[in-house]
Amino acid sequence: MSRSCVAFLRGIAPANPLMRNTELRAVFERLGLDDVRTVLSSGNVLFESSESSSAALETAIEDALQRHLGAPCATFVVCRRRMERLVAFDGFDDDAGGRQQIVTFLRSPPRPGPVLPHEQDGSTVLALHEGALFSVVGASGPAVLRWIEREYGKANTTRSWRTVLRVMSSLGPAP
């Protein structure tokens, strides 16, 4: 049975010819993944797979990208059901006060983690849900992102909430 997934890749620079969407899709297709497509040019790759383990998919994709790029590329695989739970949770206030809404996908959230919400210089880490942090960031965004790395480790990747919603929409209707 196949399931729809997205791989959020950390550190993709579309100006690098090896990291362009056509190249990324080719890496995923060589792994035998089906219906491979990309959303935007920042390392969001959608695919279908019969593999039931997200961790196994992450390892296979990271190994293939390492061979292709000659450098590591952290990968965070989120399949449809988890994406649906993240979008349904929507941990944001209705009024972000002009701040950007972001979601940070964590490799392995600590237990217990820091007490949330955490406010810092006009930015707020609101909640942890399904292995992802929901935050609103202002001009001091880099400071709160450094706090996230200190508290949760560097193995994470961040996307805007709009990108997460766009990726979810691109997965299409549930079968």
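## The sheet

Five strands form an open sheet in the order β6-β7-β8-β5-β9, and their pairing is antiparallel. The model is predicted. Two strands sit at the edges, β6 (118-120) and β9 (156-160), and each pairs on one side only. From one strand to the next, the twist averages 25°.

Inside this order, β7 (residues 123-129) pairs with β8 (residues 132-137). The sense is antiparallel, and the pairing runs over 5 bridges. Strands of a sheet pair through backbone hydrogen bonds, either parallel or antiparallel.

## A helix on the sheet

Helix α5 (residues 161-171) packs on the sheet. The strands it touches are β5 (100-106), β8 and β9. The direction of α5 makes about 85° with that of β9.

## Helices α3 and α5

Helix α5 also meets helix α3 (residues 80-89). The two axes come within 11 Å and cross at roughly 135°. Angles over 145° would count as roughly antiparallel, and 65 to 115 as roughly perpendicular; α3 and α5 are therefore oblique to each other. Their crossing is left-handed.

Which residues of α3 and α5 meet? From α3 come Arg80, Met83, Glu84, Leu86 and Val87. From α5 come Trp161, Val164, Leu165, Val167, Met168 and Leu171. By class, this contact of α3 with α5 has 9 nonpolar residues, no polar ones and 2 charged ones.

## Helices α1 and α2

The crossing of α1 and α2 is right-handed, whereas that of α3 and α5 is left-handed.

On the α1 side, the contact is made by Glu23, Leu24, Val27, Phe28 and Arg30. On the α2 side, Ile61, Ala64, Leu65 and His68 take part. The contact of α1 with α2 divides into 6 nonpolar, 1 polar and 2 charged residues.

## The disulfide

How many disulfides does the structure hold? It holds 1. A disulfide is a covalent bond between the sulfur atoms of two cysteines. Here the partners are Cys5 and Cys79, with 2.1 Å from S to S. The link of Cys5 and Cys79 is right-handed, with 80° about the S-S bond.

The pair links distant parts of the chain. Cys5 lies in strand β1 (residues 3-9), and Cys79 lies in strand β4 (residues 75-79). The two cysteines are 74 residues apart.

Note on methods:
Residues are numbered from 1 along each chain as its sequence is written. This is a predicted model: local features need pLDDT of at least 70, side-chain atom pairs count only at pLDDT 80 or more; totals for chains, interfaces and linings use all residues. Side-chain values use heavy atoms; hydrogens and water are left out. A crossing is left-handed if the near helix is turned anticlockwise from the far one by less than a right angle, and right-handed if clockwise. Helices (H or I, at least four residues) and strands (E, at least two) are DSSP runs, numbered from the N terminus. Contact means heavy atoms within 4.5 Å. Ala, Val, Leu, Ile, Met, Phe, Trp, Tyr, Cys and Pro count as nonpolar, Asp, Glu, Lys and Arg as charged, and the others, Gly among them, as polar. Two strands pair if DSSP finds at least two bridges between them. Axes are lines fitted to C-alpha atoms, for helices over the stretch in contact, and angles run from 0 to 180 degrees between N-to-C directions. A disulfide is a pair of cysteine sulfur atoms within 2.5 Å. Angles under 35 degrees count as roughly parallel, over 145 as roughly antiparallel, 65 to 115 as roughly perpendicular and the rest as oblique.
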